[in-house]
Amino acid sequence: MAVNLQIPSESEIFPVAGVEIGVTEAGIRKAGRRDLTVFRLAEGSSVAGVFTRNRFRAAPVQVCEKHLASGGPVRALVINTGNANAGTGADGLKRAQDTCSALGRLLDVPAEQILPFSTGVILEPLPLDRLTAGLPGAIAKLAPDQWFDAAHGIMTTDTLPKIHSRRIDVAGKMVSITGISKGAGMIRPNMATMLSFLATDAAIEQPLLRKLAVQIADQSFNRITVDGDTSTNDSFILIATGKSGVAISSESDAAYAAVVQALTEAAADLAQKIVRDAEGATKFMTIRVEEAGSTEEALKVAYAVAHSPLVKTAFFASDPNLGRILAAIGYAGIDDLDVSRIRLWLGDVLVAVDGGRNPSYQETDGQRVMKEAEIVVRIALGRGQVADTVYTCDFSHEYVSINADYRS
């Protein structure tokens, strides 16, 4: 059950000139579901990526990193669901490379110009025969207006597609920005079991795009957590086709600020939609840490609260057992933390001051906030001027059921 996840209508999803998408059913794991997606990119497009930091990186992640590191152009992406091609060793690497070769032959581009992506069950061989047999069907459907189908085609345990699309006016020229993401579990900082593809028809030179991909991921996909697990296949891809006539070659260009802000907002929205559709989620929680001495301190505290199973289960039960939040703050890893300076708010309710319960706090006030579907937890550390925010969700019975039955 998704928490206030807004899906744009198909009329609100803008094609990005220079991007064509085709989606088909290949039967990768189960019959009768869209599970194979191909992106074809116009010649001259710039592409950059950010990937999982899990040392057990999936085969397609390793191939993507290699192809991007070569510095050559990227002309296509291929994405399958149902099988992660992770924990598959040398055989998995060969299957990822063979996927690129098969698509390259069909599109008449070198295999090194193709990026592969997989998501699904780990430790099982990728059914390459089914994947390659499905490629012609996906190619036959290539069209600019297939973002909605693609959002469905990359889903695994997601209950709803995640799409963001907008147009902005830059000096009289319209720039389109459209992206999709998937992910519902194993979501943690340093990316997660998530894929996201964000495209614009602005022209952004490759070195700058690489820098922006890291910067944007840090402000979006690296500010969410569902369960504290980091997966093997996480990938965020940023595409700039250059077809709008708006060109950005440096941070001093007039269009830079507007385009980067729109891209960052798009990525943040896609990231938060992952949390809203987290496995079994009933609450969307914003953990805001203020008055920290550094970003590192703020994130230590925010993630300690966001990862705590005791905090997350209390929110599911709408139980204002808020001492659990104080405990998480205390073990976050700030050794010289002065707890007498901490203030804690639940929504608009001041819960704790001076190292303990606010004398005027009433549990009925906490109960009122806990019953809401969207809740803000605000923590002031009294150590400095730095603030940062992490987005998370509660833990429900359904989370256990989904993950217990995932391979069924």
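Author: Let's start with a rule: two strands pair if DSSP finds at least two bridges between them. Helices (H or I, at least four residues) and strands (E, at least two) are DSSP runs, numbered from the N terminus. The model is predicted, so local features need pLDDT of at least 70 and side-chain atom pairs count only at pLDDT 80 or more, while totals for chains, interfaces and linings use all residues. Residues are numbered from 1 along each chain as its sequence is written, and side-chain values use heavy atoms, with hydrogens and water left out.

Reader: Happy with that. How do you know that β2 and β4 run as paired strands?

Author: Five bridges join β2 to strand β4 (residues 76-83), and the rule asks for at least two, so the strands pair. They run antiparallel. Among the contacts of this kind, Arg40 has Ala76 as its bridge partner in β4.

Reader: And which way does β1 run against β2?

Author: Also antiparallel: six bridges join strand β1 (residues 19-24) to β2. Val19 has Leu41 in β2 as its bridge partner.

Reader: Why is β2 called largely enclosed?

Author: Buried means under 20% relative accessible area, exposed over 50%, and partly exposed in between (1.4 Å probe, protein chains only). Five of the six residues of β2 are buried, so the rest of the structure largely encloses the strand. Phe39 has 0% relative accessibility and therefore counts as buried.

Reader: What makes the pair of Phe39 and Trp147 edge-to-face?

Author: Rings of Phe, Tyr and Trp (its six-membered ring) pair if their centres lie within 6.5 Å; planes under 30 degrees apart count as stacked, over 60 as edge-to-face and the rest as tilted. By this rule the count comes to five aromatic pairs. For Phe39 and Trp147 the centres are 5.5 Å apart and the planes at 80°, so this pair is edge-to-face. It links distant parts of the chain, with Phe39 in strand β2 (residues 36-41) and Trp147 in helix α4 (residues 147-153), 108 residues apart. Trp147, at 1% relative accessibility, counts as buried.

Reader: Why is the pair of Phe284 and Tyr391 called stacked instead?

Author: Here the ring centres are 5.9 Å apart and the planes at 20°, so the pair is stacked. Phe284 lies in strand β12 and Tyr391 in strand β17, 107 residues apart, so this pair too links distant parts of the chain. Phe284 is buried, with a relative accessible area of 2%.

Reader: Which residues do ring pairs link into a cluster?

Author: Phe39, Phe117, Trp147 and Phe197.

Reader: What sits over the ring of Phe284?

Author: The charged end of Arg276, 3.9 Å from the ring centre. The rule wants NZ of Lys or CZ of Arg within 6 Å of the ring centre and within 35 degrees of the ring normal. Likewise, the charged end of Arg378 sits over the ring of Trp345, 3.9 Å from its centre.

Reader: What makes β15 and β17 edge strands?

Author: An open sheet of six strands has the order β15-β14-β13-β16-β12-β17, with mixed pairing. β15 (356-357) and β17 each have a single partner strand, so one side of each is left without a neighbour in the sheet. Inside that order, seven bridges join β12 to β16, which run parallel; Glu290 has Ala380 as its bridge partner in β16.

Reader: How do you know that α7 has close to the expected reach?

Author: The expected span is 1.5 Å times one less than the number of residues. Helix α7 (residues 295-307) has 13 residues and reaches 18 Å from first C-alpha to last, close to the 18 Å expected. Its buried residues include Glu297, Leu299 and Tyr303, and what covers the buried residues of α7 includes α8 (309-316), α9 (323-330) and β16 (374-380).

Reader: Why do Asp108 and Ala171 count as exposed?

Author: Asp108 has 70% relative accessibility, so it counts as exposed; Ala171, at 81%, counts as exposed too. Most residues other than glycine have a negative phi. Asp108 has a positive phi of about 60° although it is not a glycine, and Ala171 has a positive phi of about 55°. Asp108 is in the loop between α2 (89-107) and β5 (114-121), while Ala171 lies in the loop between β6 (162-170) and β7 (173-182).

Terms used: Contact = heavy atoms within 4.5 Å.
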